[in-house]
Amino acid sequence: TAPPAEQPRNWPIIAAAGTTVLLWASAFVGIRFAGHDYSPGAMALGRMVAASVALSAFVALTAAARRRSRRAEPAPADPRHRAGRPLGLIALWGVAWFGGYNVALNAAERLVDAGTAALLVSVAPILVAVAAVLVLGERLTRRLGLGVTVAFAGVALIAASGFTGHADALGVTLAVLSALLYAFGVLLQKRLLTRVDAVTMTWLGALAGTLALLPFAPTLLAELAAAPLPATLGTLYLGVFPTAIGFLTWGYVLSHWTAGRTTAATYLVPPVTVLLSWTLLGEVPAPLALAGGALSLAGVVLATRR
């Protein structure tokens, strides 16, 4: 009997996960940088307008390419589309993640530095695991309980000291709210990806998030006229790279990996954010906050490891 063939490595998925990590880490630094000149709602709207334009162009180009390469015999339908697209749930996902998450995180980073925000948002995998117990009826294991305890002990250390030695209670609260919206988005997106492809969902969700942010349009126009060019370019970067490209690669990974495995890949976001924040913004981490961040990440890994 011939030996079994060696399983090929999933390099495209790994590359997509790495791209997501790098772009999302840079988003925390970009928000901190542009947040000096743009208010939370205006920056979120500017970011999402840029993302929606980029995603719409991508969808149009890929649709045109498919039409050109279409054969005489139509391809079989994707089974994820047979039940129809759950537009209401996709809109809810887009409003929660692209709208609510962005505004909460932007507001948090006016009060805490990029490293603190990234470390606090990194508890989202814990929240996903807890939600799976409370909502989906999964069993509460000893490892999950211990991981939750360790992770939130780390969060307490960060909240007590602040990443650069200064803590702000409102900023910490807003960052934790961002983590809650992040966890909600992951759970909903993973369920919806069985019925709609990642590109379509990301595009429609971005449009829904942009529409939800339109009340900030007058503020955005006023701040756009006064903001320096680097801050505006930073906002555009947030829309095109961490949002449009980052969420496309995230959706691709999430459609191939489990929600737990995909969120585990984002454990690398906080340390990359720390390095970028330290290098580009000069935000030197406080020792107690570094200890809290390490403790929090250890708890997340413990709780979500299979």
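By contact I mean heavy atoms within 4.5 Å of each other. With that in hand, let's start at L105, which touches F28, I31, A117, V121 and S178, leaving aside residues up to four places away in sequence.

Quick caveats: this is a predicted model, so local features need pLDDT of at least 70 and side-chain atom pairs count only at pLDDT 80 or more, while totals for chains, interfaces and linings use all residues. Numbering runs from 1 along each chain as its sequence is written, and side-chain values use heavy atoms, with hydrogens and water left out.

Back to L105: you'll find it in helix α3, residues 87-108 (helices are DSSP runs of H or I, at least four residues, numbered from the N terminus). L105 is buried at 3% relative accessibility, buried being under 20% relative accessible area with a 1.4 Å probe, protein chains only. F28 sits 77 residues away along the chain, yet the two C-alpha atoms are 8.6 Å apart.

E283 is in the loop between α12 (269-281) and α13 (287-304) and R32 is in α1 (residues 11-34), so the pair ties together parts 251 residues apart in sequence. E283 is buried too, at 10% relative accessible area.

Last stop, two helices: Y182, V186, Q189 and K190 in α7 meet W250, G251 and L254 in α10.

Note on methods. Buried < 20%, exposed > 50% of the residue type's maximum accessible area, 1.4 Å probe, protein only.
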